[in-house]
Amino acid sequence: MGGKQDGEEAYGKPAKYDPTFRGPIRNRSCTDIICCVLFLVFILGYIVVGVVAWVYGDPRQVLYPRNSTGAYCGVGANKDKPYLLYFNIFSCVLATNVITVAENGLQCPTTQVCVSSCPNVTWTVGADQLLQKVGEVFYTADRNFCLPGVPWDMPVTQSLQEELCPGFLLPSTPALGRCLPWVNSSTPPELPGIPSNTTISQGISGVLDSLSARDITVKIFEDVAQSWHWILVALGVALVLSLLFILLLRLVAGPLVLVLILGVLGVLAYGIYYCWEEYRVLRDKSARINEVGITTNLGAYRNVQETWLAALIVLAVLEGILLLLLIFLRQRIRIAIALLKEASKAVGQMMSTLFYPLVTFVLLLICIVYWAMTALYLATSGQPQYVLWAPNASLPNCEKVQMNTSCNPMAQPMNYSCPGLKCVFQSYSSTGLVQRSLFNLQIYGVLGLFWTINWVLALGQCVLAGAFASFYWAFYKPQDIPTFPLSSAFIRTLRYHTGSLAFGALILTLVQIARVILEYIDSKLRGAQNPVARCIMCCFKCCLWCLEKFIKFLNRNAYIMIAIYGKNFCVSAKNAFMLLMRNIVRVVVLDKVTDLLLLFGKLLVVGGVGVLSFFFFTGRIQGLGRDFENPSLNYYWLPIMISILGAYVIASGFFSVFGMCVDTLFLCFLEDLERNDGSLDRPYYMPKSLLKILGKKNEAYPGDKKKKKK
């Protein structure tokens, strides 16, 4: 007796009866005010960072290409010239690597000019044209690809030496605002400065071999345009299936859980049988493990009897443990099934809760878009810097030129004797106050992203918990259920518990930031191949992963207690944890039964929509009539994958609401058991099915239409 009492004391005392308690407390006060003020100040600072980024940033540096003079193509004076032409596209590969080119905004060490249209024919300056004038070779032939301001009477030879005009043109296609050559064009002519064995495909495959991908992209958009209405139909089917599954759980939860449990037992039993058959065959062949020894070829272990014997023992132990759990925990499984049925009724009474994930989705989208735009503007807050560059700085005429010194791309280089000398883009300046603080501002933005996202998720959990708690603690259902439980819970949560939600979200954010830092360090240490460091890093990552999972579990239950009692985060988290620890076996059983059921529901919805989409888009459903014919598609798998992904998102949204309902009702059920005893003054609020399972009686049954006599 003393040990039992000590165990109960270790996890706190059971909740005491409160005659004034009638569900979620209405007369409550603000909680975690300090954290609320800190969160609001942080959000204000986040807005200031966004304003600073908006003022100093210039996203045109990413959205629009720049020519060699630093001017944007498709903007201002070049409004009618939206495309960028590289004089020598091969220099993008020959002089640097793909990553460097991508980091520099697809800038290459070659002259670039804004053009109104990309060339569509192959052309090379002929030997007889070298002594002619630029106007004769380029302007009169409608080859307007020279730099602006090149005089008509300049010799072609001089324009080519100074890279003022292109020495060759290739048939190109606009992609990302750049004129990129056709990969599948005919064999190119002999090009000046390019080895004869270098093909166009070899030249640009390292930079942008996305021209064939562009054709695929066009086909993808065509397929989406042809099938979007049928995809919406598939998503509608997923919505209906998810809704029906949740609402029908009140009728089929028991048989469905039984079928799932028997299915798991059947799979394990078949595994035992299969392992026995394999073991028996190999035993008769005397195939033992000492004949194989230690080898890295894991497939060899399939042909030894010890492998199948070990698998047989493991599966048999699992089967035995599961059977024992079913025998000794059958009462708790029945409680879990009854709570699932009650959760289905609660969702049916408050259908608006099923569509609350749309609010969460919109808020999350706002957080992500705001962070992305702020990060983009911050990244483009500096002015572009240009330096002198030459393809071969070791030439005699280039030795006196100070390479990598700043220059003005609008002005001509001072030294024309160095072949290929030009003013090229290097990076964005970091001399201003904003630029010097750019890293800190980006870190602030990342912290803001994690904190706001976690706060939005916490808001959704607390709001849903408040709505479902009002259902459980309504003695006479549905008469005592508030008129607008979801909106009331939303307003109540925002008004009183913003600080508590911010507190829980901040704790989770710090752990997630630590995980991100560890992932970054791990990516840097991966090349070291130090087994000790790798092992330590793996242990740290595992510990932080477990810590994050525990904090999410604790926060979830803390938000439920906040929604019910209106206390601060720490007290609510402590009370929720103690309550769950006093009923740890019930917690585990309910959690696993719910996970199994929701997993089956997701498989049912996603699998059903996937099968229907496959049969429809592949034309295997005949006799639907002309209006229901499957569209002609380039890739029939595309709408199928979109339908499956959309069905998974819809099912996850619906079932997340149902899971929150189950968790809320479970905590209320545990509180109900501790607070009340079934007497007239202290009646249970749980439904009759739970009272029957527990063997308890209630003098005034919840749900009775007749009011309790005073």
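These legends walk you through close-up views of one predicted model. Residues are numbered from 1 along each chain as its sequence is written, and side-chain values use heavy atoms, with hydrogens and water left out. Because the model is predicted, local features need pLDDT of at least 70 and side-chain atom pairs count only at pLDDT 80 or more, while totals for chains, interfaces and linings use all residues.

**View 1. The largest cavity holds about 90 Å³ of space.** A cavity here is a set of points, on a 1 Å grid over the protein atoms alone, where a 1.4 Å probe fits but cannot get out. Grid points are joined across faces, edges and corners, and the volume is the space filled by probe spheres set on the points. The count comes to 3 cavities of 30 Å³ or more. Lining residues, which have an atom within 4 Å of a point, include Y86, F87, P119, F168, S172 and C179 in the largest cavity. Strands β1 (83–86), β4 (168–169) and β6 (178–181) each give two or more residues to this lining; strands are DSSP runs (E, at least two residues), and helices are runs of H or I with at least four, numbered from the N terminus.

View 2. Rings of Phe, Tyr and Trp (its six-membered ring) pair if their centres lie within 6.5 Å; planes under 30 degrees apart count as stacked, over 60 as edge-to-face and the rest as tilted. F39 lies in helix α2 (residues 33–56) and W451 in helix α15 (residues 438–472), so the pair ties together parts 412 residues apart in sequence. F39 is buried, with a relative accessible area of 6%, and W451 is buried at 3%. Buried means under 20% relative accessible area, exposed over 50% and partly exposed in between (1.4 Å probe, protein chains only).

**View 3. Y46 and Y370 form another edge-to-face pair.** Their rings are 4.9 Å apart centre to centre, with 85° between the planes. Y46 in helix α2 and Y370 in helix α13 (residues 356–379) are 324 residues apart. Y46 is buried at 5% relative accessibility, whereas Y370 is partly exposed at 30%. Ring pairs link F39, F42, Y46, Y370, Y444, W451 and W455 into a cluster.

**View 4. Helix α12 (residues 330–349) has 20 residues.** From first C-alpha to last, helix α12 reaches 29 Å, close to the 28 Å expected at 1.5 Å a residue; the expected span is 1.5 Å times one less than the number of residues. Its buried residues include I333, A336, L340, E342 and V347.

Notes
On a 1 Å grid over the protein atoms alone, a cavity is a set of points where a 1.4 Å probe fits but cannot get out, and a pocket is an open set with protein on both sides within 12 Å along at least five of seven lines; lining residues have an atom within 4 Å of a point.
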